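Subject: Structure handover, pockets and ligand

Hello,

Here is the structure for you to look over.

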Amino acid sequence: MPFSLSSYGWRVEREMMEHPNIADYHLDYPRLAVLYEATRELHASLDLTETLNRVIEKAVWLVGAERGFIMLCESWGEPRVRAAHNLNPETIAKENEPDYALACQVLETGQSTLKPDPPDVSPTPRTVVIVPFRARDEIIGVMCVDWETRVGQFTTEDLTLFEAFAEQATLAIQNSQRYEMMEQNCYSYIASISHEWRTPLTVIKGFADLLLAKMADTANEDQKKWLNIIRSYTSKLLTLISSEMEISRIDAHIKISSVNLAAPFEEVVSDFRSQIEAKGQTISLNLPNLPPVYADQWMLSKILTKLIDNAHKYTPSLGKIIASAEVDNTFVRVKITDTGIGINSEDQRRIFEADFRADHSVVREQEGFGLGLYIAKRIVERLGGKIGVESEPGNGSTFWFTLPIATTDERG
Ligand code: ADP
């Protein structure tokens with residue numbers, strides 16, 4: 001991306017004051033400015049894949065190369081290509097064997113390399129530059145860039161610039177790695193305590209069921225009432241535990257790709273049809289030809305299931321439910337409309353908060369914990385969309401959410 005030196009001058013100076021080590025690189029002013037431009041967005045995300053993609057893209061740009069890749073040492077000690085620019089990460093080890101072998105060497109020695117191709121590999125003079133990511137005394141990975149079609153040599157100044165960039169990139173990579181580890185620990189912690197609690201609760205519920213069945217004729221009304229309370233609260237706790245596990249999974253496991261809405265939509269509607277018709281309600285699906293959206297297919301089905309289930313639960317018999325979707329600028333807007341009990345404006349403001357349930361007789365009759373919409377909002381926002389509701393008490397509700405239209409197969 002082109003940029004003007006003068007407009008970055010003051011930022012470079014500030015950067016040098018805030019990060020004195022940038023000044024230690026002994027680079028000339030234009031190179032410092034370019035280095036600053038390349039490093040200033042490296043910390044924009046804590047997602048490791050995003051960070052690595054950004055690092056390699058900026059690295060290629062920094063020295064005017066054509067392609068490159070990053071290899072990291074995995075926790076089990078093996079190196080693995082984790083990001084690439086203008087190269088297929090899957091085939092680098094085979095199709096770019098000389099560069100790959102050199103990168104492995106740098107990983108072992110920790111010595112940066114500026115190496116011309118051997119004459120039998122390329123008759124035209126061409127160099128490859130490889131630098132390690134050094135964290136204290138440990139080499140956590142390497143970065144390699146070169147030209148594929150152009151003839152040219154990197155200079156030792158390029159190498160110094162590249163090393164300075166790698167030093168800054170190492171900090172961003174380590175931050176993302178630490179965050180990833182923390183997320184995984186947090187998820188396993190929640191998953192393990194939830195799992196530990198689930199077994200004793202299931203046993204308590206099982207014995208309450210058994211007592212109720214065995215004492216059906218002998219227990220007095222109070223005893224039956226108390227047993228039912230034990231049973232219903234253990235059921236509640238079991239559902240709460242499942243929801244907690246689900247929330248912790250959203251961030252750890254979301255996988256965004258280009259998805260066609262029609263198939264999951266039709267599947268969810270058809271799963272609900274008999275239940276809805278049994279209550280004397282109708283459901284119709286209005287889906288025009290829609291472009292694919294960025295979503296996680298499994299989570300998308302969960303949101304649709306939640307909204308249709310609510311429409312079904314909070315709409316009296318003979319009511320109508322309409323599921324539809326339409327293009328709205330660069331998004332697809334999905335709507336679930338019902339002719340149910342509706343929601344007053346004060347409740348609408350709190351409806352996506354955890355644990356919220358409206359104070360309404362129909363709501364009290366239904367089992368629920370006020371977590372479904374909260375989870376749906378978390379998922380939709382994580383997918384880059386928005387969620388909302390329009391409603392009037394006694395006149396039904398329309399819950400809607402948007403998802404970005406996909407422009408490529410994978411979201412970068
Ligand atoms: P739950 O349904 O388990 O209580 P949700 O988070 O799905 O939890 O919904 C929260 C609250 O929002 C519900 O308890 C109900 O008061 C209200 N609500 C949700 N969907 C509708 C709807 N379609 N019509 C009326 N009220 C609704």
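What volume does the largest cavity have? The largest cavity has a volume of about 40 Å³. Before the rest, two points on the basis. This is a predicted model, in which local features need pLDDT of at least 70, side-chain atom pairs count only at pLDDT 80 or more, and totals for chains, interfaces and linings use all residues. Residues are numbered from 1 along each chain as its sequence is written, and side-chain values use heavy atoms, with hydrogens and water left out.

**Cavity**

A cavity is a set of points, on a 1 Å grid over the protein atoms alone, where a 1.4 Å probe fits but cannot get out. A pocket is an open set with protein on both sides within 12 Å along at least five of seven lines. Lining residues have an atom within 4 Å of a point. Points are joined across faces, edges and corners, and a volume is the space filled by probe spheres set on them.

The count is 1 cavity of 30 Å³ or more. Its lining is Glu-246, Arg-249, Ile-250, Trp-298, Met-299, Lys-302, Ile-375 and Ile-379. At least two residues each come from α8, α10 and α13; helices (H or I, at least four residues) and strands (E, at least two) are DSSP runs numbered from the N terminus. The lining has 5 nonpolar, no polar and 3 charged residues. Here Ala, Val, Leu, Ile, Met, Phe, Trp, Tyr, Cys and Pro are nonpolar, Asp, Glu, Lys and Arg charged, and the others, Gly among them, polar.

**Second largest pocket**

Its volume is about 910 Å³. It is lined by 40 residues, and closest to its centre are Lys-306, Asn-310, Lys-313, Tyr-314 and Gly-372. α8 (221-253), α10 (297-313), α13 (372-382) and β12 (397-404) each supply at least two lining residues. The largest share, 7 residues, is from α10.

**Ligand**

The ligand takes up the second largest pocket (more than half of its atoms lie within 2 Å of the grid points). Its shell holds 22 residues, the closest being Lys-306, Asn-310, Tyr-314, Arg-357 and Leu-373; the cut-off is a heavy atom within 4 Å. α10 gives the most to this shell, 4 residues. The shell divides into 12 nonpolar, 6 polar and 4 charged.

Polar contacts are pairs of N or O atoms within 3.5 Å. Backbone N or O atoms lie 3.0 Å from a ligand oxygen at Ala-358, 3.3 Å at Gly-370 and 3.2 Å at Gly-372. The protein covers 98% of the 530 Å² of accessible area (Shrake-Rupley, 1.4 Å probe) that the ligand has on its own.

Best wishes

Key. A polar contact is a pair of N or O atoms within 3.5 Å; within protein, one must be able to donate a hydrogen and the other to accept it, and residues adjacent in sequence count only if both atoms are side-chain atoms.
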